Amino acid sequence: LGRPYWRVPEIQAAALIYAVMALLVLSIFTDAWTNLLRFRAVARAVVAGENRGSFADANRVPDLAEVAREFDTMVATLRRSEALIRQAAEENAHALKAPLAVIAQAIEPLRRDLPAGSTGLHRSVELISLSVDRLDALVSTARRIDETIASLVDCPRHRINLSALLSTLGQGFARFAEERGLHLDLHIVPGLVVIGGTEQIEIIAENLIDNAFDFSPPGGTVTLEVRRAGTMAEMVVSDQGTGIAEADLDTIFERYVSGRDGDAEHDGLGLWTVRRNAEAMGGRAWAANRPDGGLIVTVALPLAE
């Protein structure tokens with residue numbers, strides 16, 4: 001009695017214990033937070049396609065060692081899956097194209113030796129030849145699908161100067177448009193940097209512009225616009241064609257959907273690849289009809305911080 005409570009030995013001992021426990025908890029929290037920051041750095045390096053370190057090497061907390069090893073196993077499995085998909089696509093295409101080439105070569109002597117009046121035999125040989133061409137196109141299409149899926153498994157995420165890249169591509173397509181009797185109008189805001197892969201962005205631009213050229217009337221104008229929309233950069237390609245039905249605006253992004261009836265050179269994968277690449281880079285793609293006729297396809301990609 002008569003002493004302040006904080007001078008009582010029991011109170012001082014309890015305060016010391018509380019202070020030590022608080023420091024211990026703060027230390028554990030700091031170590032865990034620092035370790036998570038190292039994990040984040042490794043994860044960003046993996047997403048960017050860099051082979052810098054691993055989760056196990058970055059770990060400093062023994063309790064997270066098993067988690068780090070599982071993360072490394074997951075990354076290795078994804079990379080191995082990508083390599084296997086690409087390898088399988090190449091091997092399957094090679095294995096299927098060889099017999100198709102043999103069949104195509106064997107048809108030629110049959111066509112030459114057919115009697116002139118055998119209309120049914122000539123028709124059968126032509127059907128076989130068309131079917132071989134179709135099978136060859138389908139094999140190429142299957143390979144493109146596998147390669148696209150493989151690139152989505154481990155999509156690169158680098159800083160890409162979208163404005164500069166599309167300005168260079170646009171100049172090349174402008175010359176190509178002149179050869180086809182068309183005009184390519186470029187409206188590109190400078191300095192837009194996005195996160196993604198150069199090859200994936202080039203494929204998006206090439207497919208969009210190629211589609212617009214194919215559906216534009218002679219002497220028509222195709223417009224390529226690159227603009228900022230909040231935290232996204234938008235790539236907009238529009239043409240002066242006939243457009244499509246409102247109900248089909250989302251369907252055109254599905255596989256094997258093409259508006260070029262009877263054209264074996266186009267497999268209906270262009271816009272499907274556009275949407276898949278955009279989504280793999282954290283963006284999206286959609287289409288709309290122009291009020292004065294034609295189609296507008298927009299691809300939004302996340303801007304770099």
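Predicted model: local features only at pLDDT ≥ 70, side-chain atom pairs only at ≥ 80, totals over all residues.
Colleague: What makes Asp250 and Arg275 a salt bridge?

Modeller: The term asks for a side-chain nitrogen of Lys or Arg within 4 Å of a carboxyl oxygen of Asp or Glu, and the closest N and O atoms of Asp250 and Arg275 are 3.0 Å apart, so the pair meets the rule. Residues are numbered from 1 along each chain as its sequence is written, and side-chain values use heavy atoms, with hydrogens and water left out.

Colleague: Why is Arg275 called buried, and what is Asp250 called?

Modeller: Buried means under 20% relative accessible area, exposed over 50%, and partly exposed in between, with a 1.4 Å probe and protein chains only. Arg275 has a relative accessible area of 12% and is therefore buried, whereas Asp250, at 47%, counts as partly exposed.

Colleague: How many salt bridges does this rule give, and which residue does Lys97 pair with?

Modeller: The count comes to eight salt bridges. Lys97 pairs with Asp136, their closest N and O atoms being 2.8 Å apart, and this links distant parts of the chain, since Lys97 is in helix H3 and Asp136, 39 residues away, is in helix H4 (residues 119-153). Lys97 is partly exposed at 29%, and Asp136 is partly exposed at 31%. A network of salt bridges also links Glu225, Arg227 and Glu234.

Colleague: What separates Glu279 and Arg276 along helix H7?

Modeller: Being three residues apart in helix H7, Glu279 and Arg276 are separated by about one helical turn, and their side chains meet in a salt bridge at 3.2 Å, N to O. An α-helix has 3.6 residues a turn, so residues three or four places apart point the same way.

Colleague: Which residues touch the most other members of the largest nonpolar core?

Modeller: A nonpolar core is a set of buried Ala, Val, Leu, Ile, Met, Phe, Trp, Tyr and Cys residues joined through side-chain atoms within 4.5 Å. In the largest, which has 39 residues, those touching the most other members are Leu162, Val194, Ile201, Ile204, Leu208, Met235 and Val299. Elements giving two or more residues to this core include helix H5 (162-179), helix H6 (198-215) and strand E7 (295-302).

Colleague: Why is Asp292 called exposed, and where is Asp292 found?

Modeller: Asp292 has a relative accessible area of 60% and is therefore exposed, and its place is in the loop between E6 and E7. Its C-alpha atom is separated by 9.7 Å from that of Gly243, 49 residues apart along the chain.

Note on methods: Helix = DSSP H or I, 4+ residues; strand = E, 2+ residues; numbered from the N terminus.
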